[in-house]
Amino acid sequence: MEHAPHRPTLALDVLPDVLCVARLAPDASLPVSVLRSRGLVSLTRTVEELSVVCREQDAPAQARVERGWRALRVAGPLDVALTGVLASLAQPLADAGISVFAVSTFDTDYLLVREVALDRAVQALQAAGHRVTR
């Protein structure tokens, strides 16, 4: 008999800023507006793109921008050996029909959800046993 994988119960905080996810050309310079942005900022460069997460008001002018995101931060720091963190968060959101954009740092994970789905996301996560603080 197979056992279901252990899913950690997590504490999350809803961050106050409205965020955007932006896409720039892979060889684009890092936008000064983003480098000066406060709060959550994530820059990821690949051979295909430069992806940016930042506050809406700091969105790079020349980028393709998706606005209206909110972030839930997993209380950390998390042990890098801990398994199932993203799965334990993504599954209840997927079951509720809520898409996510995940960002990970050395210490913790962030889940971005559309602002219009934030209340439903919080309810789904709480129903799955997670603690969410606004």
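Is cysteine 20 buried or exposed? In this predicted model, local features require pLDDT of at least 70 and side-chain atom pairs count only at pLDDT 80 or more, whereas totals for chains, interfaces and linings use all residues. Residues are numbered from 1 along each chain as its sequence is written, and side-chain values use heavy atoms, with hydrogens and water left out.

Cysteine 20 counts as buried, at 0% relative accessibility (buried, under 20% relative accessible area; exposed, over 50%; partly exposed, in between; 1.4 Å probe, protein chains only). Its closest cysteine sulfur, in cysteine 54, lies 3.8 Å away, too far for a bond. Cysteine 54 is likewise buried, with a relative accessible area of 0%. Zero disulfides are found in a search of the whole structure (a disulfide being a pair of cysteine sulfur atoms within 2.5 Å).

Valine 53 belongs to strand S4, residues 50–55 (strands are DSSP runs of E, at least two residues, and helices runs of H or I, at least four, numbered from the N terminus). Valine 53 is buried, with a relative accessible area of 2%. Beyond its neighbours within four places in sequence, valine 53 contacts residues including Cys20, Leu40, Phe101 and Leu112 (contact, heavy atoms within 4.5 Å).

The largest nonpolar core comprises 19 residues (a set of buried Ala, Val, Leu, Ile, Met, Phe, Trp, Tyr and Cys residues joined through side-chain atoms within 4.5 Å). H3 supplies its largest share, five residues. Among the residues with the most contacts inside this core is Val113; leaving aside neighbours within four places in sequence, valine 113 touches, among others, Trp69, Leu72, Leu93 and Ala121.
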